[in-house]
Structure formats: C-alpha cells, structure tokens
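Student: I have a model open and would like to talk through it. Can we start with the charged pairs?

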Amino acid sequence: MKKTFYFLILFLLIYSCSVNKQPVFIKVDDLKVTRFAADTIHLKANAFFENPNDVGGKIATDDLLILVNDIEVAQVFSEDFKVPARNQFTVPLTAKVPTKKLLDTNKNGILGGLINSFISKKVNIRIKGKLEYVVFGFKKEFLVDKTEELKIKF
C-alpha cells in the first residue's frame, strides 16, 4: 500500500507539470544600431515570448540571418537562452555586421544600394530564420521574418 501511495504522488507530480504546451512567440521588435565602428556595425533586437509551461527550457538562435537591402551580411549570435517557467520573457538578439561585407562590390551592386541608402538616409534591415525551443526532448521551431527601415543619422 505504501508503494502505491508513493507511486501515486510521483505520478501526480509528473502529470501536473505541463510540458506539452509550447511557448507563444509574440514578435521581434526594438531593432537598433548599438555601435558603429570602422570595421563593424553592431545591431540589437529583442524577441518576445510567453511561456505557459510549468517548466522552462532553452531557445537557440543559431539559424537567424541579417539581411541589409535584401542581401545577407551577417548571422545573429546569442548564447542559448534559458526560458523561465510561466512567464513572459525577452530573448536578446545581437549581430555584428562587418563593414567589409557591406562595401564588397561583387554582390550585384550592394555598394550602389548602400550609397543610395546613405543619400536617402534609410536602410532596410531584415531578420529572417528560425528560433528553436527545446525542453525534455520536445522541440518547436518559431519562424522569424522581421523587416524594419532604419533611419541613418550622421
């Protein structure tokens, strides 16, 4: 009888932890240039989520790309983010765009497009790819496709 009671308690504890729900991807926002140097441009954005689960997990950002005027120039990098249980959370996304890639003239006139962007003082930045949520072997991919027009200030 005692073993059955322990088994029942263990079963209720495991059953009450809802892992079968997936986090809700809300949006990617707050895209901005944080630092501009001679060799790199640092970009930052935030991905907003809500986790309805009783347990956390991890989100990987390995498959996100940065496109400037529809030309791939960098990849978003971030350490695996630990997801809090039953909470809204923000995953910081950062990228370093080498200015050498922007000034490379072999990519179908990207230099001309950038000169045009500097004249109009606007540049289109797009974050595209997927974020991967993992918890106890359960995986869910969230597609991200955010385009924002940034104004260039001199």
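**Salt bridges, core and sheet**

Tutor: D145 and R126 form a salt bridge, with 2.8 Å between the closest N and O atoms. A salt bridge here is a side-chain nitrogen of Lys or Arg within 4 Å of a carboxyl oxygen of Asp or Glu. The model is predicted: local features need pLDDT of at least 70, side-chain atom pairs count only at pLDDT 80 or more, and totals for chains, interfaces and linings use all residues. Residues are numbered from 1 along each chain as its sequence is written, and side-chain values use heavy atoms, with hydrogens and water left out.

Student: Which strands do D145 and R126 sit in?

Tutor: D145 is in strand β8 (residues 138–151) and R126 is in strand β7 (residues 122–135), and the two residues are 19 apart. Strands are DSSP runs of E, at least two residues, numbered from the N terminus.

Student: Is D145 buried, exposed or partly exposed, and what about R126?

Tutor: D145 is partly exposed, with a relative accessible area of 48%. R126 is also partly exposed, at 21%. Buried means under 20% relative accessible area and exposed over 50%, with partly exposed in between (1.4 Å probe, protein chains only).

Student: How many salt bridges are there in the whole structure?

Tutor: The search finds four. One of them joins E141 and K130, whose closest N and O atoms are 3.5 Å apart. E141 lies in strand β8 and K130 in strand β7, so this pair ties together parts that are 11 residues apart in sequence. E141 is partly exposed at 39% relative accessibility, and K130 is partly exposed at 28%.

Student: What does K146 pair with?

Tutor: K146 meets E148 in a salt bridge, at 3.7 Å from N to O. E148 counts as buried, at 19% relative accessibility, whereas K146 counts as partly exposed, at 22%.

Student: Changing topic, where is F142, and is F142 buried or exposed?

Tutor: F142 is in strand β8 and is buried, with a relative accessible area of 7%.

Student: What does F142 touch?

Tutor: Leaving out residues up to four places away in sequence, F142 touches P23, F25, F49, G129, K130, L131 and Y133. Contact means heavy atoms within 4.5 Å. F142 and L131 are 11 residues apart in sequence, and their C-alpha atoms are 5.1 Å apart.

Student: And which residues does F49 touch?

Tutor: With the same exclusion of residues up to four places away, the contacts of F49 include P23, V24, F25, I59, L131 and F142.

Student: Which residues have the most contacts inside the largest nonpolar core?

Tutor: They are F49, I59, I66, I125, I127 and L131, in a core of 30 residues. A nonpolar core is a set of buried Ala, Val, Leu, Ile, Met, Phe, Trp, Tyr and Cys residues joined through side-chain atoms within 4.5 Å. β7 gives the most to this core, with six residues.

Student: Last topic, what is the strand order in the open sheet of three strands?

Tutor: The order is β1-β2-β6, with antiparallel pairing. Two strands pair if DSSP finds at least two bridges between them. β1 (24–36) and β6 (87–98) are at the edges with a single partner strand each, so one side of each has no neighbour in the sheet.

Student: How many bridges are there between β1 and β2?

Tutor: β1 and β2 (residues 40–51) pair over nine bridges, in the antiparallel sense. V24 stands opposite E50 in β2.

Definitions and conventions
Helix = DSSP H or I, 4+ residues; strand = E, 2+ residues; numbered from the N terminus.
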